[in-house]
Amino acid sequence: MKKTVPSQTDDTAAMFAAAPATIGAAIRWGREQLAAGSSSSAIDARALLLDCLHYNEYAQLLAHENDALPSSAATRYQQHICKRAAGEPVAYILGWREFYSRRFKTTAAALIPRPDTELLVESALQHLPASTVARVLDLGAGCGAIGISIALARENSHVTLTDVSEPTLALARENAAMHKANVSFVCGDWYTPLSCANNDETSQQFDLIVSNPPYIAQDDAHLTSGDLRFEPSLALVAGADGLAALAPIIRQAPQNLRRGGTLLVEHGNTQAAAVHQLFAAAGFCGTRTLYDMGKQPRVTLAVLP
């Protein structure tokens, strides 16, 4: 018989009449409940159960798979599975996501950090020698994962994070405080708050600018399915062609970069050619595109001559 996917409005007690008795049974049960709607049902079930049991590693689940599942953990696990079965991302359920080997707090105020975005951080660090004192700008910082990761790896650098949303920037501030990162914050639309904060243009120029802006077209079918349904559209959607944010970021970068400075942007896997054109029109040189773990074009960078 085909299983029904529970909704968030279902009564938990009615949905789960027979709660799993052991940790091993809970893993199997959770996987079965999520199988219809998640391609990573086994991973999701384990991650959610680890949280409920306050374990750190999957090996702990295996070591205790025959142990009884505490009633408090069972109730919380059922609630977690219910949310995940309804499509809510695991990162929002748990309240955190690992990025660049660190945990970052996640809420619906910001995009969930993706593993592919670590490529943006790795490439930025390659352009920031450890001994260099550099000024770095993270445009559209979201939860702060990119800028904070750079700041922690390059303690001599001065990193500024911006975002148009104050609640989102508040989340980034929390993450910075949690990781004791020495960064600064400015709220506003792309470069606008920087120019408003100081009329001296040279004082606002950076050695490196990095951004993972919205780059999904407004009619993209992925926006109505999967985890993206739960993430903020402000951090995802960028006009009819997905370039509405990338275009001004690249076009206005020369006024905010020092000569010899580098701009790095993340983009969609079909946008590399268009991004190259934007870089050329803005006067950049040495433009090149890097590929993510799935061998898709993901990050393009160039130098201001």
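How do the residues of the lining of the second largest pocket divide into nonpolar, polar and charged, and what surrounds them? In this predicted model, local features need pLDDT of at least 70 and side-chain atom pairs count only at pLDDT 80 or more, while totals for chains, interfaces and linings use all residues. Residues are numbered from 1 along each chain as its sequence is written, and side-chain values use heavy atoms, with hydrogens and water left out.The second largest pocket holds about 460 Å³ of space, a pocket being an open set of points on a 1 Å grid over the protein atoms alone, where a 1.4 Å probe fits, with protein on both sides within 12 Å along at least five of seven lines, and lining residues having an atom within 4 Å of a point. Grid points are joined across faces, edges and corners, and the volume is the space filled by probe spheres set on the points. Of the 16 residues that line this second largest pocket, A47, V90, L94, W96 and R103 are the closest to its centre. Two or more lining residues come from each of α3 (41-53), α6 (90-94) and β1 (96-99), and α3 gives the largest share, five residues; helices (H or I, at least four residues) and strands (E, at least two) are DSSP runs, numbered from the N terminus. The lining divides into eight nonpolar, three polar and five charged residues, where Ala, Val, Leu, Ile, Met, Phe, Trp, Tyr, Cys and Pro count as nonpolar, Asp, Glu, Lys and Arg as charged, and the others, Gly among them, as polar.

The largest pocket contains about 1100 Å³ of space. Its lining is made of 50 residues, with L111, P213, Y215, A235 and L236 nearest the centre, and β3 (135-139), α8 (145-153) and β4 (158-163) are the elements that give two or more residues to it. This lining is divided into 26 nonpolar, 15 polar and nine charged residues. Helix α8 is itself mostly covered, with eight of its nine residues buried, that is, under 20% relative accessible area, whereas exposed means over 50% and partly exposed lies in between (1.4 Å probe, protein chains only).

Strand β9 (residues 297-303) is likewise mostly covered, six of its seven residues being buried. Strands β7 and β9 run antiparallel and are joined by five bridges, at least two DSSP bridges being required for two strands to pair; T262 has V303 in β9 as its bridge partner. Five bridges also join strand β8 (residues 285-291) to β9, again antiparallel, and Y291 stands opposite P297 in β9. In the hairpin of β8 and β9, with five residues between the strands, K295 takes a positive phi near 60°.
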